[in-house]
Amino acid sequence: MGLDRGEKIFNVFNVLFMLFFISIIVFPLINIVALSFNNGYDAMKGGIYLFPRKFTLVNYETILKDTTIYRAFGVTAAKTVIGVIGHLVITGAAAYALSKSYLLGRKIFIRMGIITMFFYGGMIPSFLVVKSLGLANNFWVYIIPVLFSFYDMVILMNFFRSLPESIEESAKIDGANVFQVFFKIIVPLSFPVLATIALFHGVYQWNDFFVAKLYVTDKALYPIQYYLYQLLTSAGAASSAKAGVYISKAFTTQSLQQATMIVTTLPIVLIYPFLQKYFISGMLVGGVKE
Amino acid sequence: MKSTFKHKFLSQWELQVMVWPSIILMIVFSFVPMFGLTIAFQDYSPLSGFAGSEFVGLDNFKAFLGDKDFYTVLTNTLGISLMKLLIGFPLEIVLAILINQIRLGLFKKFTQTVSYLPHFLSWVILGGMITSWLGSTGLLNSFLLSTHLISEPLSFLSNANAYWWIATLSDIWKEVGWGTILYLAAITGIDPSLYEAAKVDGAKILKRIWYVTLPGIKNIIVLMFLLRVGSILGANLDQTLVLQNSSNMLRSEVIDSYVYHLGLAQGDFSFATAVGIFSSVVSVTLLLVANFLTKKLSDSSIF
């Protein structure tokens, strides 16, 4: 069927609206990129929109000279990679075991999990538990408390249940044990949904600063987001109190912050288009996320 | 009987090995803190510990219910959440419907890619960006000055009265695109013949959206609405921590940040835990009431 006149008008307005919507998201982001390439003192005069006015690389050179940022990147990369693998193995293994209706204790486990979805110990009791386990100022504080998620487990379990039993049966006849079946058959078949959970957990690990704010005082363990958080929150006070401390005429606290924001965000922006198709299909499998 | 249990257990030992680490994690990080909630009824001191602290009954609850700061914080939490709900929630649905109407596949995909992107930025990054955009020489002031809408730069972030709007609009900017994914998925599931039939009956595009698309995604709308109502007292802590400053404190402190500041910055563990319990109880109650009402009105619900 062709388009009627009303539909054509609707489509024109729709496209115009979408262009407006896209620009509201994109232009402010480009503004930060432009500022990060601009001379900091010049930027303070205002009026910079989408292009740098006095182009410079000095902001990036300055922040990349600071070795603590590499350390923070390393911590973040480590906690993201280890966190994602650990989360998938622990949560995935539980999901596989619980996808078997004959598993002893299955009902009790699921009921316990549902309780945790409605009742939550809250920030303070959780804090006291994590502290008493000796996880404060310990790299594993980023990993261990979030190894298991009941929510992700349910998504994976529902997916595993939808896989045909016969493939597993034939592998078992060929002499494969449960672990071999899980890693060699189930995991490869579940790639989209595993990739989705991995992406969500990876983004959480990459973006989280609050765990560090709560538990970490050792600077060597700061993740990049907490490093940036400190740079942003302490800088407001520092720039007004100690204006003129910088000898350089090229950068300001603000221009350094802008460059750091770009450097911190770049890995996610680069990796995200490649993962987009997985999280969309994975969200459909899982139903509701968040 | 016992031997069959043992026999069964041993025959599935691999599966048991796979599930036990998760059970232990759940007990340690979910159930132990639930028992830790009893410190709300104590005058907890880290020195005397959980067992040695004095039991004070409901004193902590009485203390915050009699405290006027608490009502400021409660008002802020409700105000910001309601603004996010009233503006952000319908906007997601409208945006999903409009994105679905885009006919050019490539443009549609591009719009989606762009709209999901801000969701992946952390609140720390966004906090820094907002400070930059709203600064005295930032994007917004530059624009308003150059168009002569204002004659002097406005200081948005230190104006307490602007905070609710900044919190609401920044949250919408970050999450509105992401919020469309589930609606888009639901729209895809609508039977195309319903649209054809409506078209044959002479329904114009807006009528088709109103009578076919919206009823087709009604269940997911109700579900998302209920989840939002249930989390109305949980205004985003990360957002508050990055946007808050001493001059907007009066309008920016919400329950979660209040609990954080009292409990972890000032060490008043028992008082903060009591506030946390209050917030959870209200949230669960709200969820149940909203669920009951939607069940009455529209026969779709979570439970």
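A residue is called buried when its relative accessible area is under 20%, exposed when that area is over 50%, and partly exposed in between, with a 1.4 Å probe and protein chains only. The model shown is predicted, so local features need pLDDT of at least 70 and side-chain atom pairs count only at pLDDT 80 or more, whereas totals for chains, interfaces and linings use all residues. Residues are numbered from 1 along each chain as its sequence is written, chains are lettered from A and ligands numbered from 1 in the order in which they are written, and side-chain values use heavy atoms, with hydrogens and water left out.

**View 1. Helix α6 of chain B and its buried residues.** Helices (H or I, at least four residues) and strands (E, at least two) are DSSP runs, numbered from the N terminus. Helix α6, residues 105-116 of chain B, has twelve residues and reaches 17 Å from its first C-alpha to its last, close to the 16 Å expected at 1.5 Å a residue, where the expected span is 1.5 Å times one less than the number of residues. Buried in this helix are Phe107(B), Thr111(B), Gln112(B), Thr113(B), Val114(B), Ser115(B) and Tyr116(B).

**View 2. The surroundings of Lys100(A).** Lys100(A) belongs to the loop that joins α4 (67-98) to α5 (106-118) in chain A, and with a relative accessible area of 5% this residue is buried. Leaving aside residues up to four places away in sequence, Lys100(A) touches Arg106(A), Glu165(A), Glu168(A) and Leu15(B), a contact being heavy atoms within 4.5 Å. The side chains of Lys100(A) and Glu168(A) make a polar contact of 2.9 Å; such a contact is a pair of N or O atoms within 3.5 Å, of which, within protein, one must be able to donate a hydrogen and the other to accept it, and residues adjacent in sequence count only if both atoms are side-chain atoms. Arg161(A) is 61 residues away from Lys100(A) along the chain, yet their C-alpha atoms are separated by 7.8 Å.

**View 3. Two spans of chain B listed as transmembrane region in an unreviewed UniProt entry.** In the model, residues 163-188 of chain B are 100% helix and 0% strand, with end C-alpha atoms 38 Å apart. Residues 269-293 of chain B are likewise 100% helix and 0% strand, and their end C-alpha atoms are 36 Å apart.

Key
UniProt positions are given in the numbering used here, feature names are shortened, and annotations may be inferred rather than shown by experiment.
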